[in-house]
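Student: I'd like to learn how to read packing and interfaces in a model like this. Can you walk me through it?
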There are 2 protein chains.
Amino acid sequence: MSEFKIIEVKQSVLENNDRDAEMLRSELHACHTFLLNLMSSPGSGKTTTLCRTIEALKEDLRIGVMEADIDSDVDAATIENTGVKVIQLHTGGMCHLDAGMTRQGLRNLGVEDVDLAILENIGNLVCPAEFDTGAVKNAMILSVPEGHDKPLKYPLMFSICDVLLINKIDVMSVFDFDLEKCKEYVWRLNPHMKIIPICAKTGEGIQEWADWLREQTRAWIK
Amino acid sequence: MSEFKIIEVKQSVLENNDRDAEMLRSELHACHTFLLNLMSSPGSGKTTTLCRTIEALKEDLRIGVMEADIDSDVDAATIENTGVKVIQLHTGGMCHLDAGMTRQGLRNLGVEDVDLAILENIGNLVCPAEFDTGAVKNAMILSVPEGHDKPLKYPLMFSICDVLLINKIDVMSVFDFDLEKCKEYVWRLNPHMKIIPICAKTGEGIQEWADWLREQTRAWIK
């Protein structure tokens, strides 16, 4: 029997999401909680990556996860098995989360005993990029089967992220994925993007990613 | 040098998109043009599938393609090489097309000499499902690397489509994709969904899909 809460989050009535997001970041800073917003297409491996990340960090940081989904709760059930605190956010058809919805989630998660809160956003490369959730850092996953041309087609998403995990690198040769070309497209949009190739299935690259996230979290919560 | 037009489509001001979509379908019927709306996640293989489809049908039907993208024109350039009429629609950040935007596209494509018009929608499993484009049929692609659980997570998209192409079946064993489970999830939401496993890269399954599309088109334009 699953124990996690399922929260129906409602779109906020605030007109100025950017201002609300800034406010949320200040609140998070005040209560020493780092928030990571994790975005990607459907099926790029967000949940598997998250499980690996939790495994690598749970001895060092107190972690809480918010799994956003339109409807189901399969991901929250998976995360629950890692032993960290998790809640499911239902957006009721909404294609993204804004700062108000994220705040509702954080209240229900409870952050007083959380160093690192992770929001797994809706699987979508378009709308989530347009709404600042109040996260301290934005991470995205691009999986190899999606193709190296995605930065050309979803430029905003690649512009607003701080770190890009290129997942499923074990199948790179099967899919003719050109890693150098992908990096070139990304850095043209966003010269500061940190790019880490990983394979969530085998664990390759997870150490580098976990080290980065640990460092960011510690700098924020100290 | 590419010859195709790039059209900046604007969100329609009509409040009632459903009514507008019905009107567009009547107009298409009157001018003997079938419109297919093709949807999927980013990187599931819409453009490659479309190239194969055109190859299989271009001797039998006069085809016109509208490539919707937020920003780039890489897909229109690919389709142009097949020799059919193609235009690029830019949505300027919008995550979907509504009937009004589709009508703007069709006007620019010109349908008087087109039997089968195909709209390649924005790569997104959420928002495009919420807006009737006026298409006669909705098709979607789910690619094997995305996982067989996607119907659970994006139920509306799987509910409103007439046909589901399961693409990249050549890598099914690499990704532990359970085809029977996937079908079960889909048919629970949508018992009438036609499901065709394909591999756009090798051409497997394309004949069955092309036969279905030819039959639907002929029934509509006769």
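Student: Which residues in α1(A) meet α4(A)?

Tutor: Keep in mind that this is a predicted model. From α1(A), the contact takes in A:Asn17, A:Asp20, A:Ala21, A:Met23, A:Leu24, A:Glu27 and A:Leu28. Facing them in α4(A) are A:Ala99, A:Gly100, A:Thr102, A:Arg103 and A:Leu106. Sorted by class, that contact has six nonpolar, three polar and three charged residues.

Student: And at what angle do the two helices pack?

Tutor: About 30°, with the axes of α1 (residues 17-30) and α4 (residues 99-109) of chain A 8 Å apart. Angles under 35 degrees count as roughly parallel, so α1(A) and α4(A) are roughly parallel to each other.

Student: Now the interface. What area is buried between chain A and chain B?

Tutor: The general idea: interface size is often given as the accessible area lost when the parts come together. Here about 2400 Å² is buried between chain A and chain B, and carbon and sulfur atoms give 60% of that. Each side is counted too: 32 residues from chain A and 32 residues from chain B.

Student: How many salt bridges does the rule find across the interface?

Tutor: Two, between chain A and chain B. A:Lys153 pairs with B:Asp75 in a salt bridge, where the closest N and O atoms are 2.5 Å apart.

Student: Which helix gives the most to chain A's side?

Tutor: That's α5(A), with three residues. Both α3 (74-80) and α5 (150-153) of chain A supply at least two residues each. By class, chain A's side that touches chain B has 15 nonpolar, six polar and 11 charged residues.

How values were computed. Residues are numbered from 1 along each chain as its sequence is written. Chains are lettered from A and ligands numbered from 1 in the order in which they are written. This is a predicted model: local features need pLDDT of at least 70, side-chain atom pairs count only at pLDDT 80 or more; totals for chains, interfaces and linings use all residues. Side-chain values use heavy atoms; hydrogens and water are left out. Axes are lines fitted to C-alpha atoms, for helices over the stretch in contact, and angles run from 0 to 180 degrees between N-to-C directions. Helices (H or I, at least four residues) and strands (E, at least two) are DSSP runs, numbered from the N terminus. Angles under 35 degrees count as roughly parallel, over 145 as roughly antiparallel, 65 to 115 as roughly perpendicular and the rest as oblique. Contact means heavy atoms within 4.5 Å. Ala, Val, Leu, Ile, Met, Phe, Trp, Tyr, Cys and Pro count as nonpolar, Asp, Glu, Lys and Arg as charged, and the others, Gly among them, as polar. Buried area is the accessible area (1.4 Å probe) that two parts lose on being put together, summed over both. A salt bridge is a side-chain nitrogen of Lys or Arg within 4 Å of a carboxyl oxygen of Asp or Glu.
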